[in-house]
Amino acid sequence: MIRLYSGGKEAQQKQAMAFDLSAYDDKLIKFAEKFTARFMRLDVSIPLEQALDLGWQTLAECFEPQELLMKRALIEKYYPGNIPPAGAGAQPERRS
């Protein structure tokens, strides 16, 4: 999360200098803003497990699982939502 936060701060600097931003830069900025509000304020005091859950929620609000550059096993275990294991061959849900 710190790596993504740092990338978000760099993207904010690019934005301030009027550089063109990529869609990924926009995601990084969104993440940095949420991370700052949820974790960096002095008045934030939450238990560790709640902080970890909030961290995964924040990642999921800003990035797709494949953008996280983490071990797939961690994403499968902790990323909010239903991420099928590698090679599971998940089929898209059919709607009638």
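**Entry 1: Phe31**

Skipping neighbours within four places in sequence, I found Phe31 in contact (heavy atoms within 4.5 Å) with Met1, Leu4, Tyr5, Thr58, Leu59, Cys62 and Phe63.

Ground rules next. Residues are numbered from 1 along each chain as its sequence is written, and side-chain values use heavy atoms, without hydrogens and water. Local features need pLDDT of at least 70 and side-chain atom pairs 80 or more, while totals for chains, interfaces and linings use all residues.

**Entry 2: the core**

Which residues touch the most other members of the largest nonpolar core? I listed Leu4, Phe31, Leu59, Phe63 and Leu68, in a core of 15 residues. Such a core is a set of buried Ala, Val, Leu, Ile, Met, Phe, Trp, Tyr and Cys residues joined through side-chain atoms within 4.5 Å. Buried means under 20% relative accessible area, exposed over 50%, and partly exposed in between (1.4 Å probe, protein chains only).

Two or more core residues come from each of α1 (2-16), α2 (23-40) and α3 (48-62). The largest share, 5 residues, belongs to α2. Helices are DSSP runs of H or I, at least four residues, numbered from the N terminus.

**Entry 3: α1 against α2**

I looked up how these two helices pack. Their angle is about 120°, and their axes lie 7 Å apart. Axes are lines fitted to C-alpha atoms over the stretch in contact, and angles run from 0 to 180 degrees between N-to-C directions. Among the residues making the contact are Leu4, Tyr5 and Lys14 of α1, with Asp25, Leu28 and Phe31 of α2.

**Entry 4: two Asp residues**

Asp25 sits in helix α2. Is Asp25 buried or exposed? Asp25 counts as buried because its relative accessibility is 10%.

Asp53 is in helix α3. I noted Asp53 as exposed, because its relative accessible area is 55%. Its C-alpha atom is 9.1 Å from that of Tyr79, 26 residues apart along the chain.

**Entry 5: confidence**

I checked pLDDT, the predictor's confidence in each residue, from 0 to 100. The chain mean is 88, and 84% of residues reach 70 or more. Over residues 89-96 pLDDT is below 50. Where pLDDT is low, the predicted coordinates should not be read in detail.
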